[in-house]
Amino acid sequence: MRFLRSALAGEKVTGEYETFSVSKFRLARAADPVPSIMLAALRPGMLRLAAEETDGASTNWLAASGVPKVHEVVGPDFRVSHRGRGGRVESCREQVRSYVDNGLTTPVLPTGGDVFEQVRGLAPPR
């Protein structure tokens with residue numbers, strides 16, 4: 001994660017890491033803006049790594065009721081995302097609400113078809 005963060009920021013990277021080493025690596029074109037780094041994590045060890053080294057944790061296969069347990073490990077202000085299963089708009093809206101009510105900060109839904117129609121459908125009812 002440290003290598004990736006430095007490389008994406010356009011820095012020249014030289015270092016010995018646990019599983020590899022690199023000497024004078026620099027991207028030909030640095031990302032602008034520098035993207036956030038998310039780590040897929042569910043268990044406490046990976047969640048702690050995500051909290052220490054990244055901008056957030058992606059928690060696929062996590063029930064909405066598990067979100068508070070994730071925040072116990074990473075802290076309440078850490079960004080946590082989850083990719084929903086998809087399905088009917090009403091069902092997706094209920095899924096998103098359940099995750100957000102449990103502390104999820106970044107719901108991610110599979111898309112297909114008319115994205116604008118999906119956004120309108122997932123918006124809270126007026």
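**Exercises on a pocket and its aromatic rings**

In this predicted model, the residues that line the largest pocket divide into 6 nonpolar, 1 polar and 3 charged.

**Exercise 1.** Find which residues line the largest pocket, and which helix gives the most to the lining.

*Solution.* Begin with the pocket itself, whose volume is about 250 Å³. Its lining is made up of Met1, Arg2, Phe3, Leu4, Tyr17, Glu18, Thr19, Phe20, Leu49 and Glu53. Next, turn to the helices: H1 (2-8) and H2 (44-53) each supply at least two residues of this lining, and H1 gives the most, with 3 residues.

**Exercise 2.** Work out how the rings of Phe3 and Tyr17 are arranged, and which parts of the chain the pair ties together.

*Solution.* The structure holds 4 aromatic pairs. In the pair of Phe3 and Tyr17, the ring centres are 6.1 Å apart and the planes stand at 70 degrees; since planes over 60 degrees apart count as edge-to-face, this pair is edge-to-face. Phe3 lies in helix H1, whereas Tyr17 lies in the loop between strand S1 (13-16) and strand S2 (21-25), so the pair ties together parts that are 14 residues apart in sequence.

**Exercise 3.** Decide whether Phe3, Tyr17 and Phe20 are buried or partly exposed, and describe the pair of Phe3 and Phe20.

*Solution.* Buried means under 20% relative accessible area, so Phe3, with 19%, is buried. Tyr17, with 24%, is partly exposed, and Phe20, with 35%, is partly exposed. Phe3 and Phe20 form an edge-to-face pair, with 5.5 Å centre to centre and 85 degrees between the planes. Finally, Phe3, Tyr17, Phe20 and Phe25 form one aromatic cluster.

Terms used. Residues are numbered from 1 along each chain as its sequence is written. This is a predicted model: local features need pLDDT of at least 70, side-chain atom pairs count only at pLDDT 80 or more; totals for chains, interfaces and linings use all residues. Side-chain values use heavy atoms; hydrogens and water are left out. On a 1 Å grid over the protein atoms alone, a cavity is a set of points where a 1.4 Å probe fits but cannot get out, and a pocket is an open set with protein on both sides within 12 Å along at least five of seven lines; lining residues have an atom within 4 Å of a point. Grid points are joined across faces, edges and corners, and a volume is the space filled by probe spheres set on the points. Helices (H or I, at least four residues) and strands (E, at least two) are DSSP runs, numbered from the N terminus. Ala, Val, Leu, Ile, Met, Phe, Trp, Tyr, Cys and Pro count as nonpolar, Asp, Glu, Lys and Arg as charged, and the others, Gly among them, as polar. Rings of Phe, Tyr and Trp (its six-membered ring) pair if their centres lie within 6.5 Å; planes under 30 degrees apart count as stacked, over 60 as edge-to-face and the rest as tilted. Buried means under 20% relative accessible area, exposed over 50%, partly exposed in between (1.4 Å probe, protein chains only).
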